[in-house]
Amino acid sequence: LRESVFPKPIARIGVAFDEAFCFYYHDNLLLLQENGAELVYFSPLHDRALPRGIQALYLGGGYPENFGASLEGNVQMRTE
């Protein structure tokens, strides 16, 4: 079993990743992890709740304007 190259996490960051939010620079994600972030991926389109215990959100690039009705329709996530 290999030891992690990343430090022990000091913060949990929710990273939106789905059809609407799909563009991230890999180096930025690595930089966050190298500095103690635990990245927790979730879908604003398909999940009904944010990941538990996150301290921040990272919304990447993509096409949210093409999914506006679906994003707006995810009332559970918006009101959490």
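Which residue does R12 form a salt bridge with, and how far apart are the closest N and O atoms? The views below start there; keep in mind that this is a predicted model.

**View 1. The salt bridge between R12 and E38.** The partner is E38, and the closest N and O atoms of the pair sit 3.0 Å apart. Searching the whole structure turns up 1 salt bridge. R12 belongs to strand β1 and E38 to strand β3, so the pair ties together parts that are 26 residues apart in sequence. As for solvent, R12 has a relative accessible area of 24%, which means it counts as partly exposed. E38 is partly exposed too, at 30%.

**View 2. The largest nonpolar core and Y24.** This core has 13 residues, and F21, Y24 and L39 are the ones touching the most other members. Zoom in on Y24 and, leaving aside residues up to four places away in sequence, you'll find it touching V15, A16, F17, L29, Y58, L59 and G60. Y24 also shows up in an aromatic cluster, together with F17, Y41 and Y58.

**View 3. The aromatic pair F23 and Y25.** The count for the model comes to 4 aromatic pairs. One of them is F23 with Y25, an edge-to-face arrangement with 5.1 Å from centre to centre and 75° between the planes. The edge-to-face label applies because the planes are over 60 degrees apart. How accessible are the two partners, F23 and Y25? F23 comes out at 46% relative accessibility, so it is partly exposed. Y25 has a relative accessible area of 54%, so it counts as exposed.

**View 4. N74 in the loop between α2 and α3.** Is N74 buried or exposed? N74 is buried, with a relative accessibility of 1%. This residue is found in the loop that links α2 (68-73) and α3 (75-79). Its side chain makes a polar contact with the side chain of R48, at 2.9 Å. If you skip residues up to four places away in sequence, the contacts of N74 are P44, L45, D47 and R48. R48 is therefore on both lists for N74, given that a polar contact needs N or O atoms within 3.5 Å and a contact needs heavy atoms within 4.5 Å.

Notes:
Residues are numbered from 1 along each chain as its sequence is written. This is a predicted model: local features need pLDDT of at least 70, side-chain atom pairs count only at pLDDT 80 or more; totals for chains, interfaces and linings use all residues. Side-chain values use heavy atoms; hydrogens and water are left out. Rings of Phe, Tyr and Trp (its six-membered ring) pair if their centres lie within 6.5 Å; planes under 30 degrees apart count as stacked, over 60 as edge-to-face and the rest as tilted. Buried means under 20% relative accessible area, exposed over 50%, partly exposed in between (1.4 Å probe, protein chains only). Helices (H or I, at least four residues) and strands (E, at least two) are DSSP runs, numbered from the N terminus. A polar contact is a pair of N or O atoms within 3.5 Å; within protein, one must be able to donate a hydrogen and the other to accept it, and residues adjacent in sequence count only if both atoms are side-chain atoms. A nonpolar core is a set of buried Ala, Val, Leu, Ile, Met, Phe, Trp, Tyr and Cys residues joined through side-chain atoms within 4.5 Å. A salt bridge is a side-chain nitrogen of Lys or Arg within 4 Å of a carboxyl oxygen of Asp or Glu.
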